[in-house]
Amino acid sequence: FFSSRRRHTRCSRDWSSDVCSSDLPFMQLSAGDRRSVIEDLLDIQVFSAMNVLVKSKLTKCKEEESTLRIQIDAVKGKIELHKKHLDELKKNTKEIIDAKKQEVVENKTELTTLDAEYNQTQSNIDAMLVEISDDETTTKKFSKLNSLEAKIETNISKIETDIEFYNDHSTCPTCDQAINNKEEKVHSCTAKLKELNEGLEKLKVESDAIISRINTIKATQKKIQELEQELVKLSTSSTKVKSYIRKLEKEIEALESKPAMSDDFKAQSKELLNQLQEYNENRREAVTNMQHYEIVSQLLKDGGIKSKIIKQYIPVINKLVNKYLAAMDFFVNFNLDEEFKESIKSRHRDDFSYSNFSEGEKKRIDLALLFTWRSVAKLKNSVNTNLLIFDEVFDGSLDNNGTEEFLKLINMMNDDTNIFVISHKGDILIDKFRHTIKFAKVKNFSQQVN
């Protein structure tokens, strides 16, 4: 069935169809997927793309700054080395060689000590790892206990609510009939409540024991981390000592084979100073760029510009959803927060979520959201789709009253919209639309029939 209206050559993207054509309605999407839909609707995903580019440039800046810092340290080390050599040239070559040889001996002794400390520390770490080998199983057990404890607490809360209901009511508030066996039901609930409380107490005792073990494991893990840091320090120190020993041996070999020229060292020092100045200037520029990119990245994050834009549209979205719900004779207060979590208040009832409603009521909410996305798209982009297709909307869980109200809502739409309704309920809906096209399967092929 379809109702044919005036067509337009210009067409725009129907944002609602993106939601309705997916496997899940908007309300069944995760918070992240809901955000993606609304960002796409409001055309603000460009900020995410911009943020990716900024992060890429920021990473390059950090890498550049890190490289320059290493180069600066290397140049400083070379300059310091040259200064030291220039001073050493003033001394007797033999005294310098003897002093360096003695320094090599001292550093080798230090290297032996470092290796021994490293091996001992590694042994301590291995022993501690054996002590906490039950880390994974303990954590899983604790998670299971927490889950079971939460379920028991939920059941306790439900039973307490039932007891309170039986104590406060003698008749059913829905059908006004007397509640039979009230005392027996209260007694049964009380016994079950006692049983659950006893079980919960046992769980808490076991949970406390596991928490104690977890704390012990965490303390051991912290000690392991400290020892691993110590390993890194020892390894770094060992590497530096080895490097220094090689440096000393090369210097001794150079001094014994050929004395260095002081003028050559001075020329090299001047060159190194020029390099140091250039590296420092480049590093200052890289740091400035990093600061700028970090500021821009903060603005482009979810909590920045996008959050401001979404915050402005959330009240509009909520107002439109409630408008369309009321038009379908479904009087609830629907509200999406800035994290795209819903709260739905029904008269004389507490807060509800989407999952609390019947399938027919869910369908009304889905349809209200569909019309809302179309309205927001028109509001945001100053364009509107002239085509709307409903596939088996009337064949699902929408009740008779919801169907009537939904038809009224369709009829209230402006004449610029072409509405197509696909349904298997042809006999029921045939008088609801201007034009009807029937199809039947003939020899396994769908064909139009009169």
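A residue counts as buried when its relative accessible area is under 20%. By that cut-off F357 is buried, because its relative accessible area is 5%. F352, at 22%, counts as partly exposed. The model behind these values is predicted. Its largest nonpolar core has 45 residues, and it holds three aromatic pairs and zero disulfides.

**Nonpolar cores**
- The largest core has 45 residues. Those with the most contacts inside it are F26, L325, F334, I365, L369, F371 and F390.
- Several helices each supply at least two residues of this core: α2 (31-41), α3 (45-88), α8 (305-327), α9 (359-381) and α10 (400-411).
- The strands β2, β5 (387-391) and β6 (418-422) also supply at least two residues each.
- Helix α9 gives the most to this core, with nine residues.
- A second core is separate and has 14 residues. Among them are L145, I156, L193 and L203.

**Aromatic pairs**
- The structure holds three aromatic pairs. Two of them are described here.
- F26 and W373 form an edge-to-face pair. The centres are 4.9 Å apart, with 65° between the planes.
- F26 lies in the loop between α1 (15-20) and α2, whereas W373 is in helix α9, so the pair ties together parts that are 347 residues apart in sequence.
- Both F26 and W373 are buried. F26 is also one of the residues with the most contacts inside the largest core.
- F352 and F357 form a tilted pair. Here the centre-to-centre distance is 5.8 Å and the planes are 45° apart.

**Sheet**
- Three strands form an open sheet in the order β2-β3-β4, with antiparallel pairing.
- β2 (332-336) and β4 (351-352) are the edge strands, each pairing on one side only.
- Five bridges join β2 to β3 (residues 342-346), and these two strands run antiparallel.
- N335 stands opposite S343 in β3.

**Cysteines**
- The structure holds zero disulfides.
- C61 is buried, because its relative accessible area of 8% is under the 20% cut-off.
- C189 is buried too, with a relative accessible area of 15%.

Terms used
Residues numbered from 1 in each chain as written. Predicted model: local features only at pLDDT ≥ 70, side-chain atom pairs only at ≥ 80, totals over all residues. Heavy atoms only, no water. Pairing = 2+ DSSP bridges. Helix = DSSP H or I, 4+ residues; strand = E, 2+ residues; numbered from the N terminus. Disulfide = S-S within 2.5 Å. Buried < 20%, exposed > 50% of the residue type's maximum accessible area, 1.4 Å probe, protein only. Core = buried A, V, L, I, M, F, W, Y, C linked by side-chain atoms within 4.5 Å. Phe/Tyr/Trp six-rings, centres within 6.5 Å; stacked < 30°, edge-to-face > 60°.
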